[in-house]
Amino acid sequence: MIRTLLLASIVTSLCLAPAAAQNSSPSPPPPALPPQPSPPAQAKALPSAADVRLAEAIVFFYVRNDPAAVPEIFAALKNSETIARTGLSRATLAGFFSMLFLQNRARVEGWIGAGGAYPPDSKSVLTFALWQSGNTDLIASLFHEEPGFLRDKPGNLYTLAPSRPVEMDLKWGAFFATGNPGFLATLVDALDPRRPLTGNNQLDKSIRINAAQGLANNLRQHEVLERYLLQRAGEASGPYKQVLDALLASRSVAFKPGPDRDGDFSGSIAMLKLPDKPAADGGASEATALTGAMPQARRGDTIGVSVLFSGMGLQKDLSADVSYDIKVTGPDGTIDPRSTQEGVTALKEKVAGRFNLVDSRSTLSIHFEPDDKPGPYRIDVLLKDNVGGRKVTLTRSIELLDK
């Protein structure tokens, strides 16, 4: 049996987008974003892996704050269908680019390139962001137009008290770009039932509902947001504290750790039957997930073994450090020394949230040779959260058939 370590990729659950802008709401302060065009039929399909990566590049941008990731986002803006499939509203994108442009003034012109390459809805996002970030001079040079709203002074996204979903989405976009939960302070304030808002009961109710939904949807994916809400709950009292405590409790209810766990930290072993040969078209063949308590394999099969986990501790700067020891025991009870690995790095980098599902960075590959003994092969893993100081023991078996 030949076993080698292969590179695997991280898998995160896509962050739910904040409430989309409602076209039925009153027009926001200038410049108003245009109505969202009706999506084409194919946009209703489930997002592809590329769509998920693009959405995550925006929603979790602040984690790595890597300018090298920006050109891909601008390339996507040139295709309205691609952007629509991310599930992010134009207002969210406008808030995101506003802060990105504010913090990277020297790069903006090169990032945008030829303004004529963008469809109208993308252009509206970019011109708004240029105006909001104080880069109005670039609107004329890149897009060859001077919108009437340039005479107006942009407001402050940080202190903006939203009165409609489109303004809430602006603040969410700013948070995704910076990771500063202070952009969401007014949304958290709106959850205080004693705090006066607009004076219109119906509008106030809508603001509070949308604020609560956006915070709840994003809470599990963003550790900085959970920490901020914990701080605010600790400072609150009375009905306001009850609302914040209930919001934080909703995250715990939504999170379902695996049966093998140590506190929030849990994991499982995943097995895949790797393809024997490339696809007919020359592309990569898909692996097949092996399910059940005792999946089966035949001689000549190659099985990929990876470790899934979530709930790990994070340092103050969002750094995670998870590793594992692994070994495979054959049908005769002996441990194959070639399978034994200790201190294998599963994850050692910054991540947005503790509760996003992660696939270990390394995968054990098991190839069954013609002379391997039939019977059950047991895979034992000791999964270690080196930040949180927790450990989980995982076990799974696969049966090698005699024929």
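**Helices, core and selected loop residues of a predicted model**

Helix H9, in this predicted model, has 14 residues and reaches 20 Å from its first C-alpha to its last, close to the 20 Å expected at 1.5 Å a residue, where the expected span is 1.5 Å times one less than the number of residues. Helices (H or I, at least four residues) and strands (E, at least two) are DSSP runs, numbered from the N terminus. Of the 14 residues of H9, 13 are buried, so this helix is largely enclosed by the rest of the structure; buried means under 20% relative accessible area, exposed over 50%, and partly exposed in between (1.4 Å probe, protein chains only). Gly179, which follows H9, has a positive phi, near 75°.

Residues are numbered from 1 along each chain as its sequence is written, and side-chain values use heavy atoms, with hydrogens and water left out. Because the model is predicted, local features need pLDDT of at least 70 and side-chain atom pairs count only at pLDDT 80 or more, whereas totals for chains, interfaces and linings use all residues.

The protein contains 13 helices and 12 strands, and 47% of its 403 residues count as buried. Among contacts with a separation of 6 or more, 73% are accounted for by residues 24 or more positions apart, a contact being heavy atoms within 4.5 Å.

Helix H7 (residues 120-132) should span 18 Å for its 13 residues at 1.5 Å a residue, and its end C-alpha atoms are 18 Å apart, which agrees. H7 is mostly covered, with 11 of its 13 residues buried; among them are Val125, Leu126, Phe128, Leu130 and Trp131. The buried residues of H7 pack against several helices, including H5 (90-103), H6 (108-112), H8 (137-143) and H9 (165-178). Just after H7, Gly134 takes a positive phi of about 80°.

The largest nonpolar core has 101 residues, such a core being a set of buried Ala, Val, Leu, Ile, Met, Phe, Trp, Tyr and Cys residues joined through side-chain atoms within 4.5 Å. In soluble globular proteins, nonpolar side chains tend to be buried together. The members of this core that touch the most other members are Phe74, Phe97, Ile112, Phe309 and Leu383. Leaving aside neighbours within four places in sequence, Ile112 is in contact with Phe74, Phe101, Tyr118, Leu126, Leu130, Leu142 and Phe143.

Helices H11 (residues 201-219) and H12 (residues 223-235) pack at an angle of about 125°, with their axes 9 Å apart; axes are lines fitted to C-alpha atoms, for helices over the stretch in contact, and angles run from 0 to 180 degrees between N-to-C directions. H11 and H12 are therefore oblique to each other, given that angles under 35 degrees count as roughly parallel, over 145 as roughly antiparallel, 65 to 115 as roughly perpendicular and the rest as oblique. At their contact, Leu215, Asn218 and Leu219 in H11 meet Leu225, Glu226 and Leu229 in H12.

Two loop residues were also examined. Asn104, in the loop between H5 and H6, counts as buried at 12% relative accessibility, and its C-alpha atom lies 8.8 Å from that of Pro67, 37 residues apart in sequence. Arg298, in the loop between strand S5 (296-297) and strand S6 (302-310), counts as partly exposed at 45% relative accessibility. Residues up to four places away in sequence not counted, Arg298 touches Phe368, Leu400, Leu401 and Lys403.
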